[in-house]
2 protein chains.
Amino acid sequence: MLKDTLLSLAQNPHMREFVVQNRITRGISRRFVAGELLNDAVQATRTLNQAGIQVALDLLGENVADEQEAQFATEQYCQAIDLIPDAGLEANISIKLTALGLDVSPQLCVDNFRVLLTRAQQKNVFVCIDMEGSEYTERTIDMTLRMRKEFENVGTVIQTYLYRSAGDIARLVEQGVRVRLVKGAYKEQQDIAFQEKRDVDQNYANLMKVLLARGNFPAIATHDETLLQEVKRFVGDYGIGKSAFEFQMLYGVRRDLQEKLVKDGYNMRVYVPYGVQWYPYLMRRMAERPANLMFVFSNMLRS
Amino acid sequence: MLKDTLLSLAQNPHMREFVVQNRITRGISRRFVAGELLNDAVQATRTLNQAGIQVALDLLGENVADEQEAQFATEQYCQAIDLIPDAGLEANISIKLTALGLDVSPQLCVDNFRVLLTRAQQKNVFVCIDMEGSEYTERTIDMTLRMRKEFENVGTVIQTYLYRSAGDIARLVEQGVRVRLVKGAYKEQQDIAFQEKRDVDQNYANLMKVLLARGNFPAIATHDETLLQEVKRFVGDYGIGKSAFEFQMLYGVRRDLQEKLVKDGYNMRVYVPYGVQWYPYLMRRMAERPANLMFVFSNMLRS
């Protein structure tokens with residue numbers, strides 16, 4: 001209920017205006033978003049790198065309205081890509097196809113993405129295509145497989161709340177595509193997605209094993225301690241090395257677990273969002289985890 | 001350990017000779033095998049049908065050595081297909097591609113299978129292709145998808161111990177192919193299959209949900225009570241009707257559960273094996289379930 005409300009509010013322009021303009025909510029957002037500028041993300045990355053944590057840089061923004069906006073996003077991403085080796089960061093990047101113009105025109109998106117991947121390849125930076133709502137799933141996977149034929153350094157994300165994901169993982173694994181596994185943070189209907197947490201979790205546990213057993217350096221992206229335990233048990237039982245995969249978590253979420261996993265010798269990558277368009281990202285984080293929402297409330301009360 | 005030994009013995013000709021010739025072991029086999037003749041299978045089917053249970057008839061036999069044997073198996077299957085409507089049985093059939101000559105020549109197998117499917121279509125009988133060891137998985141799925149283009153009445157089996165199964169299910173579901181889901185009864189290596197029971201079970205729970213949510217009248221073939229509970233919970237939560245799927249169990253195994261599920265209004269189909277080549281089937285049943293083995297031991301001691 002609360003989750004659905006928050007996911008609806010993520011799309012609401014009035015709420016967006018309020019949260020973005022309000023001094024207090026802006027302040028709170030800094031727990032989960034590095035800042036509005038690339039430089040903020042660089043600072044956050046340095047701090048994480050010093051703690052032995054790698055980063056996935058995410059320039060916030062999705063569903064751009066025209067060619068100009070898409071081009072602008074592409075240029076900003078290219079700046080970030082250049083900066084990674086120049087600033088000596090341990091980071092790769094995450095992009096959304098709708099930020100590169102997928103809604104404007106598929107060809108525009110392909111053109112922008114090819115520019116971005118070429119630059120990333122030159123700089124030896126891996127690029128992960130974020131997964132968005134289910135209306136984009138098929139196109140995102142198609143784009144990934146298409147680009148994978150031209151570029152080594154591209155992967156994507158699979159959401160375990162979707163029924164189709166088992167099949168998508170098989171297709172991606174077959175082509176050696178790197179996959180980040182997540183539960184999924186959008187609102188999806190029962191005809192295409194599991195609605196019960198236990199079903200989403202079980203699908204996660206299961207697809208995670210398929211990725212660990214057969215995948216190419218998969219990213220196990222979860223804060224769920226039961227699932228983390230299951231990963232450790234599985235790789236132990238099947239003799240899978242710690243260097244064969246990485247854990248991923250979100251900036252500001254379960255920093256205790258992030259440090260613990262690094263200490264235990266696992267690869268840990270933190271997803272660092274930055275940019276002015278942080279509102280829908282923040283709302284999805286509130287929707288998916290009561291603890292995140294409590295953090296916001298308690299800070300608002302204290303302010 | 002014991003399981004591996006039994007699976008090895010399933011291939012051992014000396015053990016086979018002993019078990020098949022011995023009066024006591026022959027008698028014991030009748031718990032799990034209807035008999036050596038089609039008529040034995042018909043009797044077993046009638047008894048099950050009277051209890052509200054449908055049947056999958058399986059003429060035992062696999063890996064035939066020449067064209068003549070394959071043709072003979074095909075003819076015997078055609079007899080069984082004819083008998084189903086003639087004798088008023090509630091039954092469909094299960095076949096193995098190696099029994100139709102897959103090892104002899106792929107074309108021989110296709111030809112025989114087409115004859116069999118044509119006859120089955122005329123008689124309105126559904127045909128399920130059993131899944132064998134992993135060296136046959138790809139060919140079995142290819143054959144299923146190929147035949148599905150010509151015939152409505154063909155489906156196959158997916159084994160949840162294989163890593164690849166999530167992808168195979170997606171391919172089959174996409175084409176509307178009916179799938180029977182099993183854990184798998186052959187010995188498979190770690191590079192292709194889960195070795196731990198909990199992993200096989202979790203894959204089962206997960207793929208079962210994908211089939212229930214998206215599949216075409218799936219067959220949930222298991223005696224595992226935890227999984228049966230999970231099916232009931234899942235179809236309840238997602239509003240899936242009892243007429244949208246069937247449970248399947250093996251002849252002679254958990255007859256208490258079979259009756260209970262029928263009483264609760266579920267579709268129940270029992271796999272009834274018959275024929276002279278019952279030895280490897282019996283050994284696989286021993287290997288997969290300690291209770292079956294105990295049944296045999298206790299009967300041998302009593303004899």
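Colleague: How many bridges join strand β3 of chain A to strand β4 of chain A?

Modeller: Bear in mind that this is a predicted model. Strand β3 covers residues 127-129 of chain A and strand β4 covers residues 154-159, and the two run parallel. Within this pairing, Cys128(A) sits opposite Gly155(A) in β4(A). The number of bridges joining β3 to β4 in chain A is 3.

Colleague: Thanks! What do the strands of chain A form together?

Modeller: The order is β1-β2-β3-β4-β5-β6-β7-β8 in chain A, and the pairing is parallel. From one strand to the next, the twist averages 25 degrees. The arrangement in chain A is a closed barrel of 8 strands.

Colleague: In chain B, which residue stands opposite Arg180(B)?

Modeller: Chain B also has a closed barrel of 8 strands, β1-β2-β3-β4-β5-β6-β7-β8, with parallel pairing. There, 2 bridges join β5 (residues 179-182) to β6 (residues 219-221), which run parallel. The residue in β6(B) opposite Arg180(B) is Ala219(B).

Colleague: And what angle does the direction of helix α4 of chain B make with that of β8(B)?

Modeller: Helix α4 spans residues 38-50 of chain B and packs on the sheet. It touches β1 (54-59), β2 (91-95) and β8 (268-274) of chain B. The angle between the directions of α4 and β8(B) is about 160 degrees.

Colleague: Is Asn124(A) buried or exposed?

Modeller: Asn124(A) belongs to the loop between α6 (106-122) and β3 of chain A, and it has a positive phi of about 60 degrees although it is not a glycine. Most residues other than glycine have a negative phi. Because Asn124(A) has 11 C-beta neighbours inside 10 Å, it counts as exposed.

Colleague: What span does helix α9 of chain A reach from its first C-alpha to its last?

Modeller: Helix α9 runs over residues 197-214 of chain A and has 18 residues. Among its buried residues are Tyr204(A), Leu207(A), Met208(A) and Leu211(A). At 1.5 Å a residue, 26 Å is expected, and the span of α9 is close to that, at 26 Å.

Colleague: Which element gives the largest share of the side of chain A that touches chain B?

Modeller: The contact takes 21 residues from chain A and 21 residues from chain B. On the chain A side, the elements giving two or more residues are α8 (165-174) and α9. The largest share, 10 residues, comes from α9(A).

Colleague: By what turn can chain A be laid on chain B?

Modeller: The superposition has an RMSD of 0.0 Å, with a shift of 0.0 Å along the axis and a turn of 180 degrees. The two copies are therefore related as by a two-fold rotation axis. The same surface serves both copies, as 100% of the contact residues of chain A recur in chain B. So the turn that goes with this two-fold relation is 180 degrees.

Colleague: Which residue of chain A comes closest to the rotation axis?

Modeller: The distance here is taken at the C-alpha, and the value is 2.1 Å. The residue is Gly167(A).

Colleague: How many residues are in the largest nonpolar core?

Modeller: Ile169(A), Leu181(A), Val272(A), Ile169(B), Leu181(B) and Val272(B) touch the most other members of this core. Leaving aside neighbours within four places in sequence, Leu181(B) is in contact with residues including Ile158(B), Tyr204(B), Leu207(B) and Ile220(B). The number of residues in the largest nonpolar core is 182.

Definitions and conventions. Residues are numbered from 1 along each chain as its sequence is written. Chains are lettered from A and ligands numbered from 1 in the order in which they are written. This is a predicted model: local features need pLDDT of at least 70, side-chain atom pairs count only at pLDDT 80 or more; totals for chains, interfaces and linings use all residues. Two strands pair if DSSP finds at least two bridges between them. Helices (H or I, at least four residues) and strands (E, at least two) are DSSP runs, numbered from the N terminus. Axes are lines fitted to C-alpha atoms, for helices over the stretch in contact, and angles run from 0 to 180 degrees between N-to-C directions. A residue is buried if 20 or more other C-beta atoms lie within 10 Å of its own, exposed if 12 or fewer, and partly exposed in between; C-beta atoms are placed from the backbone. The expected span of a helix is 1.5 Å times one less than its number of residues. Two residues are in contact if their C-beta atoms, placed from the backbone, lie within 7 Å. Copies are superposed by least squares on the C-alpha atoms of residues with pLDDT of at least 70 in both. A nonpolar core is a set of buried Ala, Val, Leu, Ile, Met, Phe, Trp, Tyr and Cys residues joined through C-beta atoms within 7 Å.
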